[in-house]
Amino acid sequence: MVRTGSVAGPTLAVVARAAGVSVPTASKVVNGREDVAPETRRRVTEALDRLGYVRRPRFEVAKPPGLVDLVVHSLENSWSGAVLHGVEGAAHDAGLEVVVSAGLTRTGGERPRRDWLDKLTTRGSAGVLFNLAELTPSQYAWLEQHRIPFVMIDPVLEPPPGVVSVGAANWQGGVLATEHLLSLGHERIGVIGGFRRRMWGGARVAGYRSALASAGIGHRPEYVRYGGFSEAGAHRRMRELLDLPEPPTAVFVCSDRMALGAYQALSERELRVPDDFSVVGFDDLPESRWATPALTTVRQPLSEMAATALRLLVRMMAGEQPEGTRTELSTRLVERASTGPVPSRRRAAESLSGRPPR
């Protein structure tokens, strides 16, 4: 049996007996496991405090100083490739090794499984980077209890106070995309967002609305759709926009991947991009350059975000406290071939130049 705390302190068996539970159940509470009933957790916690049991993280005894973990949603996309590139470069400069974990998520969610957190202490990582992760309150508490430094890269939801995160200026990106379409003469501009309640998706749509308001254009609720950050979802939402009595002439699609779904829907209606309809994406992944036509998009600096997160983690591992908990890197518009003037204005310009409309 492992004794924690001081040599004269109570063992886990003493705590379990005082709380009226088994030693394995008391161990689950000490290690932040979720599969414990609330009333049982309360009794064990009270016994821990009453008896003066000191919870000392196991990994502090044999933690190798040069290992950090990177948790990604998947390695089967260019997004994660850009993040990995940034982390590896910064880790090399810092003399660190990186363990990459992927596919740890539950079906339909982005929360690392409990068994992975248990393995984290065994592996002896000095810190963790979470990319696109959604942690439960118990998991945040587990990391805090075990004193494991961690940084969130593009967190899904607003992290609890004090949690350090790095992301892109998503609101600014939404403004840039919409202002670009406004500069081309578009006023009927739709938007296909990802998820309403996710930080980056909501901020991009908010930037779109702000740009329209600044231009004196009223908000049209029917022009706002959400596609769940999937090609299929964006394809459906684009068809819905085109079916409106007065459809938009341009659309801001809040990810490059979704923009490909919008392209497909426009092609099915025999609408040409950008001659008949303009499209702006978000991310500037390699897919945006390979699309036909090449996609005008908002670039978020994924590799730079990841490298910044790693450098912040290194400082936290050294005992430093970052000046702020949220770091945002600027976004910028990358103009390519998927945007053009409003169709009526294009035809007028071609008529004046002597060129027949296409």
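**A helix pair up close**

Modeller: Helix α9 (residues 231-242) packs with helix α10 (residues 256-268) at an angle of about 45°, their axes 7 Å apart. Helices here are DSSP runs (H or I, at least four residues) and strands likewise (E, at least two), numbered from the N terminus. The axes are lines fitted to C-alpha atoms, for helices over the stretch in contact, and angles run from 0 to 180 degrees between N-to-C directions. That angle makes α9 oblique to α10; under 35 degrees would count as roughly parallel, over 145 as roughly antiparallel, 65 to 115 as roughly perpendicular, and the rest is oblique.

On the α9 side, the contact uses E231, A234, H235, M238, R239 and L242. On α10 you'll find R257, M258, L260, G261, A262, Q264, A265, L266 and E268. Contact means heavy atoms within 4.5 Å. Sorted by class, α9 against α10 gives eight nonpolar, three polar and four charged residues. Ala, Val, Leu, Ile, Met, Phe, Trp, Tyr, Cys and Pro count as nonpolar, Asp, Glu, Lys and Arg as charged, and the others, Gly among them, as polar.

A word on the source: this is a predicted model, where local features need pLDDT of at least 70 and side-chain atom pairs count only at pLDDT 80 or more, while totals for chains, interfaces and linings use all residues. Residues are numbered from 1 along each chain as its sequence is written, and side-chain values use heavy atoms, with hydrogens and water left out.

L12, A13 and A16 of α1 meet V23, A26, S27 and V30 of α2. By class, the contact of α1 with α2 has six nonpolar residues, one polar and no charged ones.

Zooming out, the protein chain has 13 helices and 12 strands. Of its 358 residues, 51% count as buried (under 20% relative accessible area; exposed is over 50%, partly exposed in between, with a 1.4 Å probe and protein chains only). Among contacts with a separation of 6 or more, 71% come from residues 24 or more positions apart.
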